[in-house]
Amino acid sequence: MDTKPFHFLDVGGQRVTRSKEPSICPHCRRLVQAQEVTWQPVSSDWKVSGLESIYVCPNPDCGHFFLATFDLKEKSVQVLGSLSVRKDDFELRSTTPVMIERKEFPPSVVKLSPLFAETYAQAEAAEAYGLTQICGLGYRKAVEYLIKDHCIDQHPVDTDKIKAMPLGACIKEFVTDPNVKISAQRAVWLGNDEAHYLRKWADKDIGDLKILIMLTSNWIDSLFLTTQYQDSMKP
């Protein structure tokens, strides 16, 4: 028995239903019971294919309007008491505006490689807007900035050589910390998959790539902090 609440809408003279409402405000990112202001059907070839609804956030610290888009998923007829209702199940697809929560990296990493932080943020934006075919390339480029800036920091006399080297060779020759090397190598492998027609690591995805980037960043930060305390607390 379907226990979902029904939200009756009159679409094209038919009393239809929508079984799910947006539960998170895209502005304040809080769990809310959004208040619907108005809605309208979306038509394709003269047939209803979806809905667009405007909501207002009830959070007193927010109060912004946002748009929710629903796609038509199924049609059926259900009997509610003595009333026959056509149940068009409209599934929530997205809310607008897209609010991007930027990943916070350690200050030492941002100072070391500001281009890494900025490129990563742009890749996050592409992913948030559903551009899944290109955001992986952005994450791969961010990895290159991070690793090469780290290598230049560790080996400044080889700056020109590091800048010109392929990233894999750069990691092999100039990354000396084993933890940084392990995570960086694998981040590059998955990043390269995002640029190729066939994927070598079919069981891994962008989520794994982001984890490896985070690991690489954290190991570089740990190396920085270890060196800092080693230099400031000599026996």
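Read along the sequence, the protein chain runs β-β-β-β-β-β-α-α-α-α-α-α-α. That comes to six strands and seven helices. The model is a predicted one. The protein chain has 235 residues, and 34% of them count as buried. Take the contacts in the protein chain with a separation of 6 or more: residues 24 or more positions apart account for 47% of them.

R29 is found in the loop between β2 (14-18) and β3 (35-44). R29 is not a glycine, yet its phi is positive, at about 65°. Most residues other than glycine have a negative phi, and most peptide bonds are trans.

P97 has its place in the loop between β6 (83-96) and α1 (107-112). The peptide bond from T96 to P97 is cis, with omega near 10°.

Now move to the helices. L112 lies in helix α1. At 22% relative accessibility, L112 counts as partly exposed, because the cut-off for buried is under 20%. L112 and D149 are 37 residues apart in sequence, but their C-alpha atoms are 6.6 Å apart in space. With neighbours within four places in sequence left aside, L112 is in contact with D149, H150, D153 and I220.

E118 is found in the next element to consider, helix α2. E118 is partly exposed, with a relative accessible area of 36%. The C-alpha atoms of E118 and R102 are separated by 10.0 Å, and the two residues are 16 apart along the chain.

Next comes the packing of helix on helix. How do α3 and α7 cross? The axes of α3 (residues 135-154) and α7 (residues 206-232) come within 11 Å, at a crossing angle of roughly 15°. That makes α3 roughly parallel to α7, because angles under 35 degrees count as roughly parallel. The crossing of α3 and α7 is left-handed. On the α3 side, the contact is made by C135, G136, Y139, V143, L146, I147, H150 and Q154. They meet I206, L209, K210, I213, T216, S217, I220 and L223 in α7. By class, this contact of α3 with α7 has ten nonpolar, five polar and one charged residues.

Helix α7 also meets α2. The axes of α2 and α7 come within 13 Å and cross at roughly 160°. α2 and α7 are therefore roughly antiparallel to each other, because the angle is over 145 degrees. α2 passes α7 in a left-handed crossing. F116, Y120 and E127 of α2 meet I206, K210 and I213 of α7. The class count for this contact of α2 with α7 is four nonpolar, no polar and two charged residues.

L167, I171 and K172 of α5 make the contact with K181, A184, Q185 and V188 of α6. The residues of this contact of α5 with α6 divide into four nonpolar, one polar and two charged.

Which residues touch the most other members of the largest nonpolar core? They are F116, Y139 and I147, in a core of 31 residues. α2 (114-128), α3, α5 (167-174), α6 (178-193) and α7 each supply at least two residues of this core. The largest share, eight residues, comes from α3. In soluble globular proteins, nonpolar side chains tend to be buried together.

Leaving aside its neighbours within four places in sequence, I147 is in contact with L167, I171, V175, A184 and T216. Among these partners, L167 and I171 belong to α5, and A184 belongs to α6.

A second, separate core has eleven residues. Its members include C25, V32, Y55 and F70.

Note on methods:
Residues numbered from 1 in each chain as written. Predicted model: local features only at pLDDT ≥ 70, side-chain atom pairs only at ≥ 80, totals over all residues. Heavy atoms only, no water. Axes fitted to C-alpha atoms, helices over the stretch in contact; angles between N-to-C directions. Helix = DSSP H or I, 4+ residues; strand = E, 2+ residues; numbered from the N terminus. Parallel < 35°, antiparallel > 145°, perpendicular 65-115°, else oblique. Left-handed = near helix turned anticlockwise from the far one by under 90°. Contact = heavy atoms within 4.5 Å. Nonpolar A, V, L, I, M, F, W, Y, C, P; charged D, E, K, R; others polar. Core = buried A, V, L, I, M, F, W, Y, C linked by side-chain atoms within 4.5 Å. Buried < 20%, exposed > 50% of the residue type's maximum accessible area, 1.4 Å probe, protein only.
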